[in-house]
Amino acid sequence: MAVHQLAGPVHRLWTTEHPPALTVTDGDTVTFEVQEALAGQFDELRTGDPLPELDWDRVYPLAGPIMVDGAQPGDVLEIEILEVVPGDWGWTAVVPGLGLLAEDFPDAHFHRWDLTDPKGADFKGLATVPIRPFLGVIGVCPDTREALPVLPPGHFGGNLDCRDLVAGSRLYLPVQVPGARLALGDPHAAQGDGEVCVSAIEASAEGAVRLRLHKDRHLPGPQLRTPGPVRSGIDDAGYYATMGVGPDLMAASRDALRAMIDHLGTEYGLDPMDAYILSSTCVDLKITEVVDAPNWVVSAYLPVGVMRG
């Protein structure tokens, strides 16, 4: 079982036309370095700075594709996350027109995080967000020659933004094309379930994955296994949750988040924009129930231990 270093040019689209960056066999380990989702476009910004006009052609640089010898449609590729180490800073931004509450927050906003403290990332002296780094994009290539954007995710994986794919977790993806063509990108230092403002703590990272090929194992879509408690060290102080109730899950999600933003303002003095930013990095949206028609419940969970005071 070999160790390979993933290097070379990145790509930004799903297509089978990309030349392979690396070829590995079952059981091999791959080390990687991946840039944050905007490929350095916010490197010079500080908290409160206006956002520059984005070059969307530079968004989502992906490392790969990694060819897995013998992988065929009908197989499953297991990606074991061995390590993800973020850089010493990250960012969270509200981009006009994007996010769960795009209509509520039409103005752009930028927040820069210091990630050098192992205890967590400070937020305005009011909260400490635990660092739990992971890759937002892990995907095998869908069966397409036509170039497709990294957004949205699909049965092949891709831009899953699953905050529980931290070191020790394993992701299982159904292979779509010969060789699997695995790609990695969009590293996050921390995120709440939902990534509600459209960005987490975005930060470049390095790390390693181990790849295993399961022949003739059929899955309908991505599945994962975690090594133990998914909120170890965060659950300890409990949660404060707000609820949205109604016949539409997206509307209920918005209502739960709006109530959480109000709670953060009332209890901790955060203005709405800062509460929105913080929620995207540590508040978890959860479906509470979907069986009592015609109304469903979505809850927004704030880990109390994140807050100070």
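**Reading the cysteines and the fold**

Reply: In this predicted model, the sulfur of Cys162 lies 17 Å from the closest cysteine sulfur, which belongs to Cys282, and that is too far for a bond.

Me: Which cysteine sulfur is nearest to that of Cys282, and how far away is it?

Reply: A disulfide calls for two cysteine sulfur atoms within 2.5 Å. For Cys282 the nearest cysteine sulfur is that of Cys197, at 11 Å, and Cys282 takes part in no disulfide. A search through the whole structure likewise returns zero disulfides.

Me: Is Cys282 buried or exposed?

Reply: A residue counts as buried when its relative accessible area is under 20%, and Cys282, with 3%, is buried. Across the chain, 52% of the 309 residues count as buried.

Me: How many helices and strands does the chain have, and how compact is it?

Reply: The chain contains two helices and 21 strands. Its radius of gyration is 19 Å, close to the 19 Å that the globule rule gives for 309 residues, so the chain is as compact as a globular protein of that length. Along the principal axes, its C-alpha atoms fill a box of roughly 55 × 50 × 35 Å.

Me: What do the contacts and the charges look like?

Reply: Taking the contacts between residues at least 6 apart in sequence, 78% join residues that are at least 24 apart. As for charge, the chain carries 21 positive and 44 negative side chains, and the centres of these two sets lie 5 Å apart.

Key: Residues numbered from 1 in each chain as written. Predicted model: local features only at pLDDT ≥ 70, side-chain atom pairs only at ≥ 80, totals over all residues. Heavy atoms only, no water. Helix = DSSP H or I, 4+ residues; strand = E, 2+ residues; numbered from the N terminus. Rg over C-alpha atoms; globule rule 2.2 N^0.38 Å. Buried < 20%, exposed > 50% of the residue type's maximum accessible area, 1.4 Å probe, protein only. Contact = heavy atoms within 4.5 Å. Lys, Arg positive; Asp, Glu negative; His and termini not counted. Charge placed at Lys NZ, Arg CZ, Asp CG, Glu CD.
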